Amino acid sequence: MTARKATALDVAKVAGVSRSAVSMVLNGNIKGNVSREAQERIRAAARELNYLPNPVAVSLRNQRTATLGIVTDEIVTSPFAGRLVSGATNAALARGYMILVVDTEHIPGRDELAIDALQHRRVDGLIYATGSLKPYSPTDPFRAQPAALANCFDPQDRLAAVVPDEVTGSRRATELLLELGHRRIALLGGDDENAALLREQGYRTAMENAGRSFRDQQVVVTGWDIDQGYRAAESVLQEPDRPTAVLAANDRVATGILLYAASAGIRVPEQLSVVGYDDQQNVAANLVPALTTVALPHAEIGAIAVNRVLDELEGGERRTERVLVPCPLITRQSTAPAA
């Protein structure tokens with residue numbers, strides 16, 4: 001026998017509100033009539049009961065399509081940052097919305113075409129998301145409806161931007177190595193002006209706080225790929241007074257460092273501690289040894305960006321601040337106390 005589907009009245013009873021309040025919240029027609037606390041209870045009850053409003057009825061009532069559009073530069077067609085779209089999708093579904101995603105693959109002019117196509121399909125809001133942290137200047141058509149940026153930011157701060165807290169993540173990774181007794185710590189960093197500089201800032205802040213002067217700090221511009229990490233490690237780890245710990249630009253660079261260390265007979269973590277950045281899916285936890293790394297919170301970034309757009313759709317004011325999402329430090333077997 002098929003179980004009875006939950007109704008709006010069931011949600012109202014669980015949340016302790018009226019049926020009309022449920023309809024207003026889940027159909028995106030709040031306009032200040034339902035308190036934020038009651039909104040959260042309603043959404044929690046809807047999730048508990050697996051209740052979703054009838055999308056056809058909702059569209060007829062409020063002239064919306066219950067869809068959001070996401071334009072990305074490479075997230076869908078590359079192996080990185082896919083959790084951002086997953087987090088965005090889950091947040092949208094929890095509030096009765098679906099996601100349409102267009103990946104531009106960095107093809108010039110495709111951004112504008114994608115935005116125009118999504119708007120012609122009457123999406124209720126837009127999100128622009130990037131695979132790596134970078135500036136993005138949203139066009140007037142993009143900003144004409146509820147919108148937000150994910151993993152990128154508007155240099156003029158005209159839209160809410162949800163980005164990882166790169167500085168704190170890198171600082172905490174360096175502090176871990178200092179707490180383990182390491183004093184010769186090298187940063188093999190990336191080669192762009194956004195995430196790489198922020199991660200370098202976190203590294204230098206931690207070193208300075210620990211009393212390590214600028215001369216004690218070693219920053220090498222490396223790049224972002226495995227072969228670049230291997231070459232940088234080959235150069236840095238052959239020095240007579242080589243570092244006992246390395247903070248890598250990302251997990252791919254860390255992989256190159258581990259490969260070089262293995263070929264040179266340098267034991268990790270007994271003789272060299274290695275920390276990555278990204279917590280790349282299917283990579284960091286499966287390296288030998290498993291990689292200590294800073295996780296990029298892509299799923300959280302996607303979810304927060306979606307909720308910013310939906311809050312604006314439901315009558316909230318447009319917010320333009322940058323939201324810094326914490327980057328958790330994941331400790332595994334590639335780090336140990338200094339010998």
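This is a predicted model: local features need pLDDT of at least 70, side-chain atom pairs count only at pLDDT 80 or more; totals for chains, interfaces and linings use all residues.

Q: How many bridges join E8 to E9, and do they run parallel or antiparallel?

A: Three bridges link E8 (residues 245-248) with E9, and the two strands run parallel.

Q: Which residue stands opposite Val275?

A: That's Leu247, which faces Val275 of E9.

Q: OK, new topic. What's in the largest nonpolar core?

A: It has 26 residues, and those with the most contacts inside it are Leu68, Tyr97, Ile127, Ala150 and Val306. Elements that each supply at least two residues include strand E1 (67-72), helix H5 (82-94) and strand E3 (125-135).

Q: Which element gives the most to this core?

A: Helix H12 does, with seven residues.

Q: And what is Ala150 in contact with, leaving aside its neighbours within four places in sequence?

A: Its contacts include Leu84, Ile127, Tyr128, Val162, Ile301 and Ala305. Apart from this core there's another, of 24 residues, with Ala196, Leu237, Ala249 and Leu291 among them.

Q: Switching to helices: at what angle do H2 and H3 cross?

A: Roughly 85°, with the axes of H2 (residues 19-26) and H3 (residues 36-49) coming within 10 Å. So H2 is roughly perpendicular to H3.

Q: Which residues make that contact?

A: Ala21, Val22, Val25 and Leu26 from H2, and Gln39, Ile42, Arg43 and Ala46 from H3. By class, six are nonpolar, one is polar and one is charged.

Methods
Residues are numbered from 1 along each chain as its sequence is written. Side-chain values use heavy atoms; hydrogens and water are left out. Axes are lines fitted to C-alpha atoms, for helices over the stretch in contact, and angles run from 0 to 180 degrees between N-to-C directions. Helices (H or I, at least four residues) and strands (E, at least two) are DSSP runs, numbered from the N terminus. Angles under 35 degrees count as roughly parallel, over 145 as roughly antiparallel, 65 to 115 as roughly perpendicular and the rest as oblique. Contact means heavy atoms within 4.5 Å. Ala, Val, Leu, Ile, Met, Phe, Trp, Tyr, Cys and Pro count as nonpolar, Asp, Glu, Lys and Arg as charged, and the others, Gly among them, as polar. A nonpolar core is a set of buried Ala, Val, Leu, Ile, Met, Phe, Trp, Tyr and Cys residues joined through side-chain atoms within 4.5 Å. Buried means under 20% relative accessible area, exposed over 50%, partly exposed in between (1.4 Å probe, protein chains only). Two strands pair if DSSP finds at least two bridges between them.
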